[in-house]
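Dear colleague,

Here is the structure for you to look at. Please open it alongside these notes.

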Amino acid sequence: MNELSAPHGSHWMRTAAIPAHPPLTGDTEADVAVIGGGVAGLSVAWELTRSGRSVVLLEAHRVAAGVTGHTTGKLSAQHTLVYADLRKSHGADAARAYARSQTAAVRHVGDVAAELGVDCELESRPALTYCEDPAGVEELRAEAEAARDAGLDASFVTETGLPYAVAGAVRVEDQAQFHVRKYLRGLAEDLTARGGRIHEETRVVDLDRGEPCRLRTSSGATVTARDVVVATHHPVFDRGMLTTRLTQHRDLVVAGPLPADRDPAGMYITRDQGKRSVRTAPYGDGRLLIVTGEAFAPGTEPDTEGRYRRLEQWTRERFPGVEITHRWAAQDNAPTDTVPLIGPLHHGDDGHVYVVTGFGGWGMAGGVLAGMLLGSLLGDRPAEPEWAELYDPRRPASVARSAPSLLKAQWDAGKHFVKDRLDTLGPGARRTVAHVRPGTGEVVRDGGHPCAVYREEGGAVHAVSAVCTHMGCLVAFNSAERTWECPCHGSRFDVDGEVLQGPALKPLERREPPGEG
């Protein structure tokens, strides 16, 4: 996974090594095959192994090293301004089911950590959604009332632990934060001790739905399983067309040491200024201040470094004296109807394929919840009926409720598909390899074909096809992370075209570097 060029990358990645697991080299079988080794995949695999099912988990890279390894580590049932919207769009019963299920996931982490004896820096904290602009106060009052009605210990307040004034905030008590990799390291160790199998560097490239299901890996190995769980963040096997119901965004993160006596003692988030999220974590004798924001759709931001500078400036202004020592980024997807998608992928012959996706930036509690829910549906425990119905990807009213958001997402994808080609291949396109400066990348025309060209600082050129292998949109360059990103559905590739993040399964085609003329 590509790390940023800041002094340090993800704090979680740097402070919790997880032992490597061998790639799958031959055919195997299991009751359940789980594709994806993030918090959702590992939680599902652990719950099912504990219930006595034979489980094999297949991860394309390293477990807990993708989106999960670049999180902010909040465990909360308060997801910005969700309950007023849920009550309006899905009904009061659905809002209460959402609150109960998310709260159960937060509590479950504490129970599991205690059961396994895992020190994962679990800390109880209030979660606060705030605004600085008085114009946002009434919306926060409505959210506090909706969250209380849903069953959370929520209140509207005007005082917080932040070192700057706010106009108002929704405060929800008894939420939590943790070191997710330390937690998942404990799950992985217990999973394998119970007979579960984990295979890293094992990319699944084909899924034959049937009874049983058969998966094929890029090395040619076959996995036979009665049930399959696709927990790849964005579903890489998507006969249910969930891609049309998901939107992608990347968040930037900066962090730096903060004296313990300046800890704001809470988890904070605001939609002001394009979103800002604040929390701290244990760090030596003090705390590590972690600030997130500057969200943008992958492949659409020409100046990612500029966004980092804005985030760093905001952090220094609000927390004077903090030196930025870490920065990283994470990617999230959000369902067009607000509620995550956890359950059977499709009807009929897909009845043994399940999916976990669409956490909307709240994947820590959501991933744990996915383990609890699918552990029940596929294990030996009865599932909460209201939970299963709420999160079911096949829910019939979902498309109707989210029609405006869904249509906008598809319009944006279609716009990129057409416009990016015109910009690159049209009669006015004049970009050539000579325009690509050291340390940057651009899509240029090469004999009528779009070519993604990256030039190293030393001058060496890397060239790959600019056509995303998922659905054919043109990729764009992320200058801070030095990756190629698809603006349509969020696939990410390194400068040599290797897949960093799906839904794409195949790398970008290698090309001979075009001439400099």
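This is a predicted model: local features need pLDDT of at least 70, side-chain atom pairs count only at pLDDT 80 or more; totals for chains, interfaces and linings use all residues.

Residues are numbered from 1 along each chain as its sequence is written, and side-chain values use heavy atoms, without hydrogens or water.

Helix H2 covers residues 39–50. Helices are DSSP runs of H or I with at least four residues, strands are runs of E with at least two, and both are numbered from the N terminus. H2 spans 16 Å from first to last C-alpha, close to the expected 16 Å (1.5 Å times one less than the number of residues). Eleven of its twelve residues are buried, so H2 is largely enclosed by the rest of the structure. Buried means under 20% relative accessible area, with a 1.4 Å probe and protein chains only. Trp 46 and Glu 47 are among them. Just after H2, Gly 52 has a positive phi of about 100 degrees.

The open sheet runs E21-E22-E23-E24, paired antiparallel. Pairing takes at least two DSSP bridges between two strands. E21 (476–478) and E24 (499–501) are the edge strands. E23 (492–493) joins E24 through two bridges. There, Phe 493 faces Val 499.

Eight aromatic pairs were counted (Phe, Tyr or six-membered Trp ring centres within 6.5 Å). Tyr 130, Tyr 164, Trp 314 and Phe 319 form a cluster through ring pairs. Arg 318 lies over the face of Tyr 164, 4.7 Å from the ring centre. Arg 327 sits over Tyr 308 at 4.2 Å. The rule for such a charge is NZ of Lys or CZ of Arg within 6 Å of the ring centre and within 35 degrees of the ring normal.

Best wishes

Notes: Rings of Phe, Tyr and Trp (its six-membered ring) pair if their centres lie within 6.5 Å; planes under 30 degrees apart count as stacked, over 60 as edge-to-face and the rest as tilted. Buried means under 20% relative accessible area, exposed over 50%, partly exposed in between (1.4 Å probe, protein chains only).
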